[in-house]
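Please read the following account alongside the sequence and the coordinates. It takes the structure one part at a time.

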Amino acid sequence: MADCIFCKIASGEIPSTMVYEDDMVAAFKDLEPQAPTHVLIIPKKHVVSAAELGDGDRELAAHIFCDVVPKLAKELKLSNGFRVVTNAGEDGGQTVMHLHFHLLGGRSMQWPPG
Ligand code: AMP
Ligand code: ZN
């Protein structure tokens, strides 16, 4: 999508510190890390949020959760645990309107989130 910052990161138009990439997804370091490890996993295609995922996205969602998350957790040495979170819409606190999963680790997380 033309004016989407994460589409531009996925295409390489905007630089990022990429930690993983394949034909479906990209994962890069968050610009304002909230934990010692803070990576964003995004679909390369523009999806607004988790609220917009549908029937055609099963392969994508499975790929993210069955392949990419465990692979990155291992590579980033998050053996003590981690958190995956996606913010959707206004109440969810979403600020970038391109679906992304925060992968956070390297410290103990609090619950409930703010
Ligand atoms: P959310 O508030 O869940 O929409 O998360 C958006 C995240 O994107 C925030 O954690 C930002 O720090 C991060 N972010 C925004 N712009 C960039 C960028 N150019 N490169 C890396 N992370 C970014
Ligand atoms: Zn986008």
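The paragraphs below go through the sheet, the helix packed on it, the nonpolar cores and the metal site.

This is a predicted model, in which local features need pLDDT of at least 70 and side-chain atom pairs count only at pLDDT 80 or more, while totals for chains, interfaces and linings use all residues. Residues are numbered from 1 along each chain as its sequence is written, chains are lettered from A and ligands numbered from 1 in the order in which they are written, and side-chain values use heavy atoms, with hydrogens and water left out.

Five strands make up an open sheet, with antiparallel pairing and the order 1-2-3-5-4. Strands (E, at least two residues) and helices (H or I, at least four) are DSSP runs, numbered from the N terminus, and two strands pair if DSSP finds at least two bridges between them. Strand 1 (18-21) and strand 4 (82-85) are at the edges with a single partner strand each, so one side of each has no neighbour in the sheet. From one strand to the next, the twist averages 20°. Strand 3 and strand 5 run antiparallel and are joined by five bridges; His38 stands opposite Leu104 in strand 5.

Helix 2 lies across strand 1, strand 2, strand 3, strand 4 and strand 5, at about 155° to strand 3. Such angles run from 0 to 180 degrees between N-to-C directions, with axes fitted to C-alpha atoms, for helices over the stretch in contact (heavy atoms within 4.5 Å).

The largest nonpolar core has 16 residues, of which Ile41, Ile64 and Leu72 touch the most other members. A nonpolar core is a set of buried Ala, Val, Leu, Ile, Met, Phe, Trp, Tyr and Cys residues joined through side-chain atoms within 4.5 Å; buried means under 20% relative accessible area, exposed over 50%, partly exposed in between (1.4 Å probe, protein chains only). Helix 2 gives the largest share of this core, six residues. Apart from this core lies another, of ten residues, including Phe6 and Phe28.

Which residues coordinate the zinc ion (ligand 2)? Cys4 (SG), Cys7 (SG), His46 (ND1) and His98 (ND1) do, at 2.0 to 2.3 Å; donors are N, O and S atoms within 2.8 Å of the metal (3.2 Å for Na, K and Ca). The four donor atoms subtend angles of 103 to 116°, which makes the arrangement tetrahedral, a label that requires all angles between four donors to lie between 85 and 135 degrees. Cys7 is buried at 12% relative accessibility, whereas His46, at 26%, is partly exposed.

Definitions and conventions. Four donors count as tetrahedral if all angles lie between 85 and 135 degrees; four count as square planar and six as octahedral if opposite donors are over 155 degrees apart and all others between 65 and 115; anything else is irregular.
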